[in-house]
Amino acid sequence: MNPISRRRFLQVGGVSVAALGALPVPVFGQARRRVVVIGGGWGGATAAKYVRLTDPSIEVTLLEPNKEFVSCPFSNLVLAGVESLKNLTLNYSRLAKQGVRIRHQAATAIDADRKRVRVGNDALEYDRLIVSPGIDFQWDQVEGLEQAKDKVLHAWKAGPQTVQLAQQLAAMPDGGIVVMTVPPVAYRCPPGPYERASMIGWFLKTKKPKSKLIVLDANKDIVSKTGLFKAVFKDYEAHIDYRPSQKVEKIDVGAKEVTTETGDKVKYDVVNVIPPQRAGAIAVDADLVGGDKRWCEVDHVTYESVKQKSIHVIGDATIGLPVPKSGNVANAMGKICATAVVSSLNGKTPPEIAPGNTCYSWVSDKEAIAVVNAYKIENGKVVQIEQKLTPGKSTAVADNSLAWRTSIWNDILG
Amino acid sequence: MEKIQIVRLFAVFVLALTASPSAAGPLDSPGAQKALICSACHGFAGNAPGNHVPILAGMNANYFKKAIKDYAEGKRTSPEMEPYSKYVLQFGLDEIAEYFASQKKPVPFSVKIDPKKLSRGQTLATQCIACHGPKGDGENERVIPALRGQPRGFLEAQMALFGSDKRKLDDAGLEEAKKRIFKGLEGPDFEDLAAYYATLK
């Protein structure tokens, strides 16, 4: 029995059913309701867990090709040698204990009309689909990048590239030039490139004092925590050369040189190109993206796609909410979306819940800064209530960030 | 025999009609739904696993409400809690306070701590009993927070704020009493007190 006919069936019962319906009684003869989640990152894993927590009678399948969860937050610390990737790597075993069926396979296609997801030769049917595909790179936006993408590291999805970039930095002779490029907005983790620059700045200052980092930013100014990062860059002024409005247009790995939009040519010993981004490929293929062909527009309360019914999109792939593409926001969206999906599957109106954002950036081996945003729902739209920044960098904020990561990783995977 | 089967069938039919799948879910209350985003830092149902984040499960409702108002008004400064306190005020202070107050408090931390530190902490804690109670459970009526079972890092940080006068009490008499107590305390005392209360069973 599908949910629609079940609902019709219930309506036949009339008043007496409505009166009895409020009692918590065992579930018999109920149709199996299925939620499929694509992507086991900060948004998807959270959503899968919270659907099960909210209504254990719903069957949840999570599709995630990676066997382990690697946290992007804190991965910039690995580049500076102050954190190990091992400490940022978690497994999915506790999620399985919540009753989430995990398949370490990629979803290859979505059939919205027939409500099916293709996984290898299988087709998984769903009543609701939650897509949390993260980001993919637009290699073609930088000339020469597509061909060189195995050599030119992005390290913007934590994993092997994070370790490789750390090794390149460690192996660079003192006096070397590191070049990193910041993509135009919107991209995953707005303060991330500047945290990375700060951590590399700290690393060069303390370990390779004759070296220098050149930051080529496609944006007009530092995108996030601007004042705080400017103060940090000043602390590292002998080691960080920050250049705004310098979108990288070309890379030549033979000449070890990048060319910017203004025609400037910059030589490097180690390069880190953070490429321009869009929603994960499956969201583009399934026509969940808008006119920009990059990001997915969603309802601000339910996260249902504005383009496809019964498909919800969460996390970095979304656009239109006044929130950053952060792990904390993805986690909040996962919980809110799970509540909305469970409400809808039970014939209830989804509650209006707004996300929140707590975002820490480390700027040395011991200190961090933070920005925190609170939101409300107004006329069905997410609206910011307040944004607060830490007054400056401190070890206390760094301590709080470690408590935050313990809590939120547990909230996602525990 | 047939009659029994019919009765059984009827029972199944009624149960199928009355099935309310989400009624027993742990998140099926307005307070729980409004507190959903708090779990990123404060853990599921207020059971914070981090060392610097307070445990909200079982927190006295009156104290929770006061803390939220103090953060929102800037009486207590926290870049994290100032925005989120406004979120709580926006979405329903009473419901969220009641939700956390009704959650089961986790078993206090069982970490290995030097017994000497614990016994120093216990001795120092005699000064706290008058307000926070013999077991550090606080008192809802008097808007006094429980100390027992809170994370060490959090307790130490709060004591450091009280000790440096960055956190004050509303009542002038209590503020004087608190000042007198904190005048005699320093960093290592905070550590021992925190260790004692964090692990107090």
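What radius of gyration would a compact globule with 414 residues have, and what radius does chain A have? A compact globule of that length would have a radius of gyration near 22 Å, and chain A has 23 Å, which agrees. The radius of gyration is taken over C-alpha atoms, and the globule rule is 2.2 Å times the number of residues to the power 0.38. The model is a predicted one, in which local features need pLDDT of at least 70 and side-chain atom pairs count only at pLDDT 80 or more, while totals for chains, interfaces and linings use all residues. Residues are numbered from 1 along each chain as its sequence is written, and chains are lettered from A and ligands numbered from 1 in the order in which they are written.

The C-alpha trace of chain A spans about 80 × 45 × 40 Å along its principal axes. Chain A contains 10 helices and 24 strands; these elements are DSSP runs numbered from the N terminus, with helices (H or I) of at least four residues and strands (E) of at least two. Chain A is divided into domain 1 (30–65 + 105–138 + 278–351) and domain 2 (139–277), with bounds that come from an automatic or database domain assignment. The C-alpha centres of these two domains of chain A lie 32 Å apart. Their contact takes 11 residues from domain 1 of chain A and 12 residues from domain 2 of chain A, where two residues are in contact if their C-beta atoms, placed from the backbone, lie within 7 Å. On the side of domain 1 of chain A that touches domain 2 of chain A, the largest share, three residues, comes from strand 10 (residues 135–137) of chain A. By class, that side of domain 1 has five nonpolar, two polar and four charged residues. Ala, Val, Leu, Ile, Met, Phe, Trp, Tyr, Cys and Pro count as nonpolar, Asp, Glu, Lys and Arg as charged, and the others, Gly among them, as polar.

Two loops of chain A hold backbone features of note. A:Ala155 lies in the loop between strand 10 and helix 5 (160–171) of chain A. The phi angle of A:Ala155 is near 50 degrees, a positive value in a residue other than glycine.

In chain B, the domain assignment gives domain 1 (30–101) and domain 2 (115–199). The C-alpha centres of the two domains of chain B are 21 Å apart. Domain 1 of chain B brings 13 residues to the contact and domain 2 of chain B brings 14 residues. The side of domain 1 of chain B that touches domain 2 of chain B divides into six nonpolar, five polar and two charged residues.

Helix packing was examined in chain B. The axes of helix 4 (residues 61–73) and helix 5 (residues 81–91) of chain B come within 8 Å and cross at roughly 120 degrees, which makes helix 4 of chain B oblique to helix 5 of chain B. Axes are lines fitted to C-alpha atoms, for helices over the stretch in contact, and angles run from 0 to 180 degrees between N-to-C directions. Angles under 35 degrees count as roughly parallel, over 145 as roughly antiparallel, 65 to 115 as roughly perpendicular and the rest as oblique. The contact is made by B:Ile68, B:Tyr71 and B:Ala72 of helix 4 and by residues of helix 5 of chain B including B:Met81, B:Ser85 and B:Leu89.

Helix 4 of chain B also packs with helix 6 (residues 93–101) of chain B, at an angle of about 135 degrees and with the axes 9 Å apart. Helix 4 of chain B is therefore oblique to helix 6 of chain B. Among the residues of this contact are B:Phe64 and B:Ile68 of helix 4 and B:Leu93 and B:Phe100 of helix 6 of chain B. The contact divides into seven nonpolar, no polar and two charged residues.

The axes of helix 7 (residues 115–124) and helix 11 (residues 187–199) of chain B come within 7 Å and cross at roughly 95 degrees, so helix 7 of chain B is roughly perpendicular to helix 11 of chain B.
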